[in-house]
Structures are given as C-alpha cells and as structure tokens.
Amino acid sequence: MPSGTTERLGAAEFAPNAKFLDEALTLLDGGGAVDVATRREALGAFASLPAPGARPGRGWKHDYDKLSYDELRWVAGRVTLPAPPRRTAPAAAKSNVEVDRPALATENAGGLYHIGGAYVDLPSGVDPRVTLLPLDGQTARTHAGILNGAHTLIVDWRRDRFAALATAFQNCGVLVHIPAGVTIDAPIQLVFSSAPDAEAVFPHIVVVAEAGARATVIERHIGDGDSLVCGIVEVRAAEGAQLDYVAVQQAGETARVFFSRGARVERDAAVRWHLAELGATLARSVIGADLGEPGARSETSAL
C-alpha cells in the first residue's frame, strides 16, 4: 500500500445465501444503501427466479444455473489514498512495457474510483454544480429526496435473477445528481478497477438529471482480476434533460460481468446508452427504458 493509505473495510468469503447476507449486514452496519427488508426480499427473488437465457445447446454453451460463486471475496468500505491509483495499459502489458498513467486520466468534471467493492477516497476536484457521492448508507440517508423515485425502483429486480442478486448484496456504487438547467461539458467518470483478489462486486449507480440538465457519464471497468461484477444502473431524466451514458467494460479475460441498466425518461427528455463490452470471459448486459410521456426518447448503441 502507498504511504498515507488508510482503510475502513469489512470483508468475508462470499456465498449467495441467507447466512452470508446476515454476515454482510453486520459488516455494512445497518444495511448500507439498500434497506434490510429489500435485501432479504431480493435474495428470495434470486433463489426463486429462473436462470436467464436459453438452455445450453448448439447456439449457446453457457448454463447460468451452473455459475460458480466459489472463492470470491466480498468487500465493503473505504480506502483513502494520497494520489490516484495508476494502471498499466493492457496492450503495453502484453508487450512487457509498463505504461504508468492515472486511472482517471480522461478529462472530466469529476470522478469516483473503486477497487473491487471498496470506495477509494481521493484528493480530486468535482464540478461544484454536481453531486457525486459513493452510494452508501450515509448517502442514502442524507440524499433520500434525490434518490426517491429512482433507487431500486427503475430496474425491476423482482423479474431478473442477477438484478435481484445485485440488490441483495450491493456493496458499492455512486450517486450522480445534475441540477435543473445545468450543462456539464466534460464527462463525469466512474471507475471500477478489479482488486488483486477475486472479489464479488455489486455496484449500484443512480444518475438523476433534473429538468433541462445535460451531461455525459462514463462508467469504466478495468483491471486483470477474475472477479464477479454484478451491478445495476438506474437513470432518471426529468423533463427536457439530455443524458449520454457510456459504459466501457475492459475487465480481465477471466472476469464475469453482469449489468442491468434502466432509465425513466420524462417529457421531451432523452437518454442515450453507449456500451462497449471489450473484456471478461462472460458478459451479460440488459437495458430497459420507461418512455411514459410525450417526447421521451431512448437510444442504444453497443459493441
């Protein structure tokens, strides 16, 4: 660890069952960003819902029912570092030439960084008009008014097995709030880096763009670990808001990355999804949008 590092972490060996959930709740000291009742209901949904997708056959080789959760470490908490972590560019790593650069090198209006399930507290600047916070129990209490109508309500975890798993064991995440009428020119960047150990990482990202707001959010997954990343993104775009949401997944070749992303788009607002799944041995991405009012629009481009 670099000089000046401090840690406030809770960690345990992960298992998707009620016994481990009780242990996780103790480590989260009260449930974290998702209340206890919702976590228990979500675990029940995970246990009862069928595995997604077709059964293995000629065109599909993977059986989600046989997904292994062995030897995964579940971590929640905070690490304080004196400077942004640095990473080796994947292409350079293959040629044994180390390229040292900050993980938050992209010009941005502010960013948050996670290593596995741990939020990294860094000395960094954030556009003062933007609320950008780790989605933990404290944020859930102090910003309940902003989260209301979005958090655990846009993505229907009662109907998707992995969304239910992400809700039950959520251990990290981000709240992004752009006030009404505010235009943010530089992107807001959220980085999730694999930990050296195989971790079970369950991020929950909530983006609220108020009326007439305009912004771009970039969600990045980097690193070479063989973790399981199972997360949820919920976006609420109020009347006339314009949001571009970019997800770039460059996880290690043995990682498994599952995400459910959804948007509630109000009158004359637009949410544009731009997804690049470039890593992992198995990647599953589900996207939905609620276009309940005139002029509401959603677009998706994916690689």
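Guide: A salt bridge is a side-chain nitrogen of Lys or Arg within 4 Å of a carboxyl oxygen of Asp or Glu. This is a predicted model, in which local features need pLDDT of at least 70, side-chain atom pairs count only at pLDDT 80 or more, and totals for chains, interfaces and linings use all residues. Residues are numbered from 1 along each chain as its sequence is written, and side-chain values use heavy atoms, with hydrogens and water left out.

Visitor: Why is the contact of Asp-197 with Arg-73 called a salt bridge?

Guide: The N to O distance between the two side chains is 3.6 Å, and the limit is 4 Å. The pair therefore qualifies as a salt bridge.

Visitor: Why is Asp-197 called partly exposed?

Guide: Buried means under 20% relative accessible area and exposed over 50%, with partly exposed in between (1.4 Å probe, protein chains only). Asp-197 has 41% and Arg-73 has 33%, so both fall in the middle class.

Visitor: Which residues share partners with this pair in one network?

Guide: The salt bridge of Arg-129 with Asp-127 comes first, at 3.0 Å from N to O. Salt bridges that share partners join Arg-73, Asp-197 and Glu-199 into one network.

Visitor: How do you know that Asp-127 is buried or exposed?

Guide: Asp-127 has a relative accessible area of 18%, so Asp-127 is buried.

Visitor: What makes Arg-40 and Asp-22 a salt bridge?

Guide: Their closest N and O atoms are 2.9 Å apart. The pair links distant parts of the chain, with Arg-40 in helix α2 (residues 36–48) and Asp-22 in helix α1 (residues 18–28), 18 residues apart. Arg-40 is partly exposed at 41%, and Asp-22 is partly exposed at 36%. The structure holds 15 salt bridges.

Visitor: What makes a space a cavity, and how many cavities of 30 Å³ or more are there?

Guide: On a 1 Å grid over the protein atoms alone, a cavity is a set of points where a 1.4 Å probe fits but cannot get out, while a pocket is an open set with protein on both sides within 12 Å along at least five of seven lines; lining residues have an atom within 4 Å of a point. The structure holds four cavities of 30 Å³ or more. The lining of the largest cavity includes Phe-192, His-221 and Val-257.

Visitor: How is the lining of the largest cavity divided by class?

Guide: Ala, Val, Leu, Ile, Met, Phe, Trp, Tyr, Cys and Pro count as nonpolar, Asp, Glu, Lys and Arg as charged, and the others, Gly among them, as polar. The lining has seven nonpolar, five polar and no charged residues.

Visitor: Which classes line the second largest pocket?

Guide: Its lining divides into 10 nonpolar, 11 polar and six charged residues. Helix α4 gives the largest share, four residues.

Conventions: Helix = DSSP H or I, 4+ residues; strand = E, 2+ residues; numbered from the N terminus. Points joined across faces, edges and corners; volume = space filled by probe spheres on them.
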